[in-house]
Amino acid sequence: MALLKRINPFSRQNDDTGFGTNANGYGGRFINRDGSFNIRREGRSFMQRFNIYHALLSVPAWQFALVILLFYFSINLLYTGIYWWIGTEGFQGIIGKTSWERFKEVFFFSTETFTTVGYGRVNPVGDGINFVAAIEAMTGFLSFAVATGLIYGRFSKPRAHLLFSDHALIAPYKDKTALMFRFASYKENHTLTNVEVLVTAGVQVQENGEAVYKFYNLALERSKIETLSMNWTVVHPIDDNSPFLGFTAQDMEVADAEIYVTVRGFNDVYSNTVLQRTSYTYQEIIYNRKFIPMYRESDNGKTTVLELHHLNKTKELK
């Protein structure tokens, strides 16, 4: 497929995105829908690149809970194996007759030691068992200290709590055509103030016989919002200064167009500035559709209802 050979020369180019221009070096989109960068790092050891503590601060809650549970049971199975290897005769109070029953008692002794509960019927009497139990108790103290820090860090980490529409739209707007998408704050009491929206377009064009990426700041009808109490539709008028002037859906595909978005604002609950990113590739840009309103008056007429389930609802323009 032939590349675009030129773009609107009046567009404001952005050379400070942090992305390079070499089109052959990129795979897929620049930024994922969840706001993370679509990059995999290589060339250094895994231990240098990866930090499990910081990773657990950012993974989804169910993954965090799964890792904690797996660690808890794995470490107790490890200590159970060590106790079993030393010999259960080093314990006092075991009443199980079969190997399975004795194994279960040793395992539950391990969990009681690890958590420092120490119920007391089964207790160590041998030197080897006591030594391992002391190390396990210390491991339990340290691991719960780390887990407490992780849980606190996850709860207190400032977040924007924004939902973005699944698609961006290009449709007639006023006397022009415009690219638009919308977002809303979905968490109760987390109303953002002093919100700033930055939208950048990345397009692939032909320059001196080579495919290169060029990036452009998209001028917005409104780039600042005093208070994000409801949903907000971001509008980029496609006028004489827009890089998308005259673009069709096919042009978007040829240019491998991607729109990436940064929203920054102040969250009163965290008393901190928060930021959230997302992006739209050409496959996620739809022509000739319009967002439907996503708020209404309550039945008693005393409040406004924000219908978050309508965030992605659109209708075709006639």
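In this predicted model, Ser165 is a buried residue, since its relative accessibility is 0% and the cut-off for burial lies at under 20%. Ser165 sits in the loop between β3 (162-164) and β4 (168-173), and, leaving aside residues up to four places away in sequence, Ser165 touches Arg33, Phe181, Arg182, Tyr280, Phe291, Leu311 and Asn312.

One of those contacts, Tyr280, directs attention to strand β11 (residues 272-281), where Thr281 is also placed. Thr281 is buried as well, with a relative accessible area of 10%, and its side chain makes a polar contact of 2.7 Å with the side chain of Gln283. When residues up to four places away in sequence are not counted, the contacts of Thr281 are Arg29, Ala257 and Glu258.

The loop between α5 and β3 holds His161, a residue that is not a glycine and yet has a positive phi of about 55 degrees. Most residues other than glycine have a negative phi. His161 counts as buried, because its relative accessibility of 8% falls under the 20% limit. A positive phi of about 75 degrees is also found at Asn189, again not a glycine, in the loop between β5 (176-185) and β6 (192-207); Asn189, however, is exposed, with a relative accessible area of 67%.

The helices can be followed from α5 (127-156), whose 30 residues should span 44 Å at 1.5 Å a residue, in agreement with the 44 Å that separates its end C-alpha atoms. The buried residues of α5 are Ile129, Val132, Ala133, Glu136, Gly140, Ser143, Ala147, Leu150, Gly153 and Arg154, and they pack against α2, α3, β1, α4 and β2. An α-helix has 3.6 residues a turn, so residues three or four places apart point the same way.

Helix α3 (61-86) has 26 residues and reaches 38 Å from its first C-alpha to its last, close to the 38 Å expected at 1.5 Å a residue. Its buried residues are Phe64, Ile75, Asn76, Tyr79, Thr80 and Tyr83, and the elements against which they pack are α2, β1, α4 and α5. Just after α3 comes Gly87, which takes a positive phi of about 120 degrees.

Helix α4, covering residues 99-114, has 16 residues, and its reach of 22 Å from the first C-alpha to the last is close to the 22 Å expected at 1.5 Å a residue. The buried residues of α4 are Glu105, Val106, Phe107, Phe109, Ser110, Thr111, Glu112, Thr113 and Phe114, and what covers them includes α3, α5, β1 (91-92) and β2 (123-124).

Definitions and conventions: Residues numbered from 1 in each chain as written. Predicted model: local features only at pLDDT ≥ 70, side-chain atom pairs only at ≥ 80, totals over all residues. Heavy atoms only, no water. Helix = DSSP H or I, 4+ residues; strand = E, 2+ residues; numbered from the N terminus. Expected span 1.5 Å × (residues − 1). Buried < 20%, exposed > 50% of the residue type's maximum accessible area, 1.4 Å probe, protein only. Contact = heavy atoms within 4.5 Å. Polar contact = N/O pair within 3.5 Å; in protein donor to acceptor, adjacent residues only side chain to side chain.
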